[in-house]
Amino acid sequence: VRDFDLGKIELAITHLHHGDIKRGVAYEDLFTDDIVAVMAPNHVLATKPVLDLADFAQGDYLSILDKANDPFYNFFLKASDVEPRSFTVLNQAQALMDLVAAGQGLALLPDFIVKERVNSGQLRQAGVDGVPLKTTWLMAHKENQPISSYASAFIKLIKETIRPDDAHSS
């Protein structure tokens, strides 16, 4: 919000989790995306297309969110008495993917973010049995302030460019 108020940014692309909506910021839906488990290609679970919750007890779990705010950990793992060997927080997706690709554990990330690395073979992805995780990507801008024609054109381009086969729209 501060960067909007200071005029540093006009738009931000984000995906929200509980409690993230900020006063003074307007949000527009762009697309909905699956959250998938990712691991290194040589990870012991890399051949499984669908993981069980118990699989997460075998290794290290890396997350963008801390334990208190990670919905997968709280609503699925903890609720099923599954505790990963370790829980590491790294709130930068690219660095988190680097650690996962280096064999440092499992992570859950939006499919749209990991797609390029999965396609190149740097990461493997899997679903998690019984865990229907999705996220909605949003365009955020300052509320009650007109956006520029450039920002409007960018929003239009994003909405026209993202197709259901690029992101899992629902």
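Which residue in β8 is the bridge partner of Val-25? The legends below take up this and other details.

**Figure 1. The whole chain in a predicted model.** This is a predicted model, in which local features need pLDDT of at least 70, side-chain atom pairs count only at pLDDT 80 or more, and totals for chains, interfaces and linings use all residues. Residues are numbered from 1 along each chain as its sequence is written, and side-chain values use heavy atoms, with hydrogens and water left out. The protein chain holds 5 helices and 8 strands (DSSP runs numbered from the N terminus: helices are H or I, at least four residues, and strands are E, at least two). Their pattern along the sequence is α-β-β-β-β-α-β-α-β-α-β-β-α. The C-alpha trace spans about 50 × 30 × 25 Å along its principal axes.

**Figure 2. Strand β2 and its partners.** Two strands pair if DSSP finds at least two bridges between them. Strand β2 (residues 25-39) runs antiparallel to strand β8 (residues 134-142), and 9 bridges join them. Lys-142 is the bridge partner of Val-25 in β8. With strand β6 (residues 106-110), β2 pairs in the antiparallel sense over 4 bridges; here Ala-37 stands opposite Leu-108. The pairing of β2 with strand β7 (residues 124-128) is also antiparallel, over 3 bridges, and Met-39 stands opposite Arg-124.

**Figure 3. The largest nonpolar core.** A nonpolar core is a set of buried Ala, Val, Leu, Ile, Met, Phe, Trp, Tyr and Cys residues joined through side-chain atoms within 4.5 Å; buried means under 20% relative accessible area, exposed over 50%, and partly exposed in between (1.4 Å probe, protein chains only). The largest core has 19 residues, of which Leu-51, Phe-56, Phe-72 and Val-128 touch the most other members. At least two residues of this core come from each of β2, α2 (71-77), β6 and β7, and α2 gives the most, with 3 residues. Leaving aside residues up to four places away in sequence, Val-128 touches residues including Ala-37, Val-50 and Leu-108 (contact means heavy atoms within 4.5 Å).

**Figure 4. A nonpolar patch on the surface.** Ile-13, Phe-154 and Leu-157 form this patch, with about 260 Å² of accessible area together. Accessible areas come from the Shrake-Rupley method with a 1.4 Å probe; for residues, only the protein chains shown count as cover. Ile-13 lies in strand β1 (residues 11-15) and is partly exposed, with a relative accessible area of 43%.

Note on methods:
Patch = residues over 30% accessible without salt bridge, like charges linked within 9 Å, V, L, I, M, F, W, Y side chains within 5 Å. Salt bridge = Lys/Arg side-chain N within 4 Å of Asp/Glu carboxyl O.
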